[in-house]
Amino acid sequence: FKEERLDSLNASLDPSKDNILLLHGDVSNKRDDHYLTDVDTLGKTGFDYIALGHIHKHAFLKPHIAYSGNLEPLDFSETDPRGFIEGTLEDGRLNVTFKKFQSRAFLVHEIEITEEDTRDTLLMNARSELKASTATQAFNRIVIKGYHHPEMRLDTAWLKRVLEEDVHYVEIKDESEPSLSLEDMKDAHEEDAIGQLIADYEADPSKNEEDHEALQRAIRALLETRRHA
């Protein structure tokens, strides 16, 4: 695409007509092989409406310049609503709006797991998360985060099998980790920063579950730093 082409298009416009420009390409990333030009340059071409394709996500870049996006989401990277743009253009007066169209959605649900959780409470939390959204007919991904009890075995295959009874599709992504034993860590790091962190945590009467998770992350970060020192 040659940007100079826009000048020739603009010069040939008939202002007595409604002028619409359709372009396929990117208007924000100059490194994209399909880069066209910037939005401001497009806005100065004189067209009453400019419909853009190539980017899957819907967006109004200006009141008269828009990506409609794709009609249906393709994968879990496309979680925003999908659809088309409907409107009228008459004597230069533009009225456009986005219309949701997709028959199914891709939804990502994050579930935080703690040391107190069991297989059953994890299932209960997952079911609660799915019921709280429009997940029944959607493609669902459950991402498990946090720190579980070191002796707990996360059976994601079982969890997926049970949840599939409730929804059209579900997959499980386990990003959780077994929690660290504070007693073992305190004994092993009595004289260093890790031991001091644990001592401060245990001495705090107002500590809660969030503090415990923050402590786990801090200890892991210190251990990782030492491994690369």
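Before listing any meeting of residues, I note that contact here means heavy atoms within 4.5 Å. I also note that the model is a predicted one.

**Entry: helix 6 and helix 7**

I looked up which residues bring these two helices together, and found that Ala193, Ile194, Leu197, Ile198 and Tyr201 in helix 6 meet Asp211, His212, Leu215, Ala218, Ile219, Leu222, Leu223 and Arg226 in helix 7. Sorted by class, this contact of helix 6 with helix 7 holds 10 nonpolar, 1 polar and 2 charged residues.

I then turned to geometry, since two packed helices are described by the angle between their axes and the distance between the axes. Helix 6 covers residues 193-203 and helix 7 covers residues 209-227, and their axes come within 10 Å and cross at roughly 175°. Angles over 145 degrees count as roughly antiparallel, and helix 6 and helix 7 are therefore roughly antiparallel to each other.

**Entry: helix 3 and helix 4**

For helix 3 (residues 119-131) and helix 4 (residues 156-163), I found axes that come within 11 Å and cross at roughly 40°. That angle makes helix 3 oblique to helix 4, and the crossing of the two is right-handed.

On the helix 3 side I listed Arg119, Asp120, Leu122, Leu123, Ala126, Arg127 and Leu130, which meet Trp158, Leu159, Val162 and Leu163 in helix 4. The residues of this contact of helix 3 with helix 4 divide into 8 nonpolar, no polar and 3 charged.

**Entry: the cavity**

How many cavities of 30 Å³ or more are there? I found that the count comes to 1, and about 40 Å³ of space lies in the largest cavity. Its lining consists of Arg119, Leu122, Ile144, Met152, Leu154, Asp155, Thr156, Trp158 and Leu159. Helix 3 and helix 4 are the elements that give two or more residues to this lining, and helix 4 gives the most, with 3 residues. By class, I recorded 6 nonpolar, 1 polar and 2 charged residues in the lining of the largest cavity.

**Entry: the largest pocket**

Last, I looked up the largest pocket, in which about 150 Å³ of space lies. The residues that line this pocket are Thr79, Asp80, Pro81, Lys100, Gln102, Ser103, Arg104, Ala105, Thr134, Gln137 and Ala138. Its lining has 3 nonpolar, 5 polar and 3 charged residues by class.

Definitions and conventions
Residues are numbered from 1 along each chain as its sequence is written. This is a predicted model: local features need pLDDT of at least 70, side-chain atom pairs count only at pLDDT 80 or more; totals for chains, interfaces and linings use all residues. Side-chain values use heavy atoms; hydrogens and water are left out. Axes are lines fitted to C-alpha atoms, for helices over the stretch in contact, and angles run from 0 to 180 degrees between N-to-C directions. Helices (H or I, at least four residues) and strands (E, at least two) are DSSP runs, numbered from the N terminus. Angles under 35 degrees count as roughly parallel, over 145 as roughly antiparallel, 65 to 115 as roughly perpendicular and the rest as oblique. A crossing is left-handed if the near helix is turned anticlockwise from the far one by less than a right angle, and right-handed if clockwise. Ala, Val, Leu, Ile, Met, Phe, Trp, Tyr, Cys and Pro count as nonpolar, Asp, Glu, Lys and Arg as charged, and the others, Gly among them, as polar. On a 1 Å grid over the protein atoms alone, a cavity is a set of points where a 1.4 Å probe fits but cannot get out, and a pocket is an open set with protein on both sides within 12 Å along at least five of seven lines; lining residues have an atom within 4 Å of a point. Grid points are joined across faces, edges and corners, and a volume is the space filled by probe spheres set on the points.
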